[in-house]
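Work through the exercises below with the model open beside you. Try each task before reading its solution.

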Amino acid sequence: MSLRVLWLQSGGCGGCTMSLLCAESPDLPATLEGAGIELLWHPSLSEASGGEVRALLAAAAAGEAPVDALCVEGSLLRGPHGSGRFHLFAGTGVPLVEWVRRIAAHARYVLGIGSCAAFGGVTAGGGNPTEACGLQYEGDRPGGLLGAGFRSAAGLPVINVAGCPTHPGWVTETLSLLALGELGAADLDPFARPRLYADHLVHHGCARNEFYEYKASAEKASDQGCLMENLGCLGTQAHADCNTRPWNGGGSCTSGGYACINCTAPEFEEPGHPFQTTPKIAGIPIGLPTDMPKAWFVALASLSKAATPSRLRRNATADHTVEAPRIRSTKYR
């Protein structure tokens with residue numbers, strides 16, 4: 001039996017779909033076919049339009065057309081004044097948020113694709129004039145469009161495949177596990193993110209980890225050193241496997257020289273400081289690595305800096321390798 005997927009796009013940039021199209025080894029169509037996933041409709045990838053789509057939505061909302069997985073991309077726009085009329089589904093005169101409510105009531109699973117659909121994301125930042133929110137969260141607070149108590153027909157909360165954008169592998173693997181009946185409540189973390197990627201940290205596998213170990217820190221954007229101490233990197237706190245599951249064959253934010261901004265987390269869009277700045281008190285970063293007490297960090301950082309090899313110290317603040325590793329025999333004598 002196939003997993004029938006209906007994909008709706010709400011308030012956002014469409015970046016999660018663009019990312020999904022970069023699925024590789026195999027590509028997206030082959031992945032879906034191989035996993036037994038049937039795409040009932042996607043606004044950018046499907047040929048159906050007009051009356052065909054309106055009929056499909058009406059049947060799904062009435063429970064007459066089975067939807068196994070309702071995937072929503074983009075935040076839910078409840079404005080103005082809770083009417084949802086900032087975003088009417090074309091040709092229906094009905095707010096998209098109402099279509100989501102009706103179809104979610106029958107869907108076996110409901111998925112928030114990307115941090116906007118999961119938590120509100122960038123669309124909910126600032127004054128939030130559109131009253132944007134996530135499917136089951138408003139920032140880090142349970143609630144959102146469907147309410148904290150919502151459970152799909154399979155008994156699960158909204159599955160939040162968070163990220164800005166989300167990695168194509170996170171989406172295809174989550175859908176594949178659902179098709180196999182192998183993803184349950186125990187496979188979701190406290191924010192209902194699939195643990196297949198959320199049980200990892202962006203720090204894991206970072207190419208700059210040697211610099212991190214010795215606290216050999218970058219001072220400007222083009223430097224090769226660790227980005228945590230001065231340039232705002234949150235990779236030691238961000239739940240994702242971006243550096244062990246590279247993007248587009250080998251990329252990640254940190255490998256590209258940009259600090260991790262923790263885009264899989266609620267309210268990442270408003271950290272309270274510039275993204276490329278590390279807030280500190282008495283020279284100590286406020287945001288410390290996950291599970292590390294401040295006293296331990298201070299002690300280890302002091303020892304690490306005292307033992308920093310000349311090679312790392314010099315290379316950390318350069319945009320290329322200034323001093324190469326020493327060649328030394330590894331044979332035991």
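**Exercise 1. Where is the place of Cys 260?**

Some ground rules come before the solution. This is a predicted model, where local features need pLDDT of at least 70, side-chain atom pairs count only at pLDDT 80 or more, and totals for chains, interfaces and linings use all residues. Residues are numbered from 1 along each chain as its sequence is written, and side-chain values use heavy atoms, with hydrogens and water left out.

Solution.
- Step 1. Cys 260 lies in the loop between helix 9 and strand 12. Helices (H or I, at least four residues) and strands (E, at least two) are DSSP runs, numbered from the N terminus.
- Step 2. Cys 260 counts as buried at 7% relative accessibility. Buried means under 20% relative accessible area, exposed over 50%, partly exposed in between (1.4 Å probe, protein chains only).
- Step 3. Beyond four places in sequence, Cys 260 touches residues including Val 202, Cys 233 and Thr 254. Contact means heavy atoms within 4.5 Å.

**Exercise 2. Which residues does the UniProt annotation "binding site" cover?**

Solution.
- Step 1. According to the unreviewed UniProt entry, the annotation covers Cys 242, Cys 260 and Cys 263. UniProt positions are given in the numbering used here, feature names are shortened, and annotations may be inferred rather than shown by experiment.
- Step 2. They span 22 residues in sequence, yet no two of their C-alpha atoms are more than 11.0 Å apart, so they gather at one spot.
- Step 3. Now take Cys 242. Its loop runs between helix 9 (228–231) and strand 12 (280–281).
- Step 4. Cys 242 is buried, at 14% relative accessible area. Leaving aside neighbours within four places in sequence, its contacts include Trp 170, Val 202 and Trp 247.

**Exercise 3. Describe helix 10: check its span, then sort its faces.**

Solution.
- Step 1. Helix 10 covers residues 294–306, which is 13 residues. The expected span is 1.5 Å times one less than the number of residues. That gives 18 Å, and the end C-alpha atoms are 18 Å apart, which agrees.
- Step 2. Its buried residues are Phe 297, Ala 301 and Ser 304. They cover an arc of only 70° around the axis, which puts them on the same side of helix 10. The arc is that of the directions from the helix axis to the C-beta atoms.
- Step 3. The buried residues of helix 10 pack against helix 8 (209–213), helix 9 and strand 13 (284–285).
- Step 4. The face turned away from the buried side of helix 10 carries exposed Ala 295, Trp 296, Leu 303 and Ala 306.
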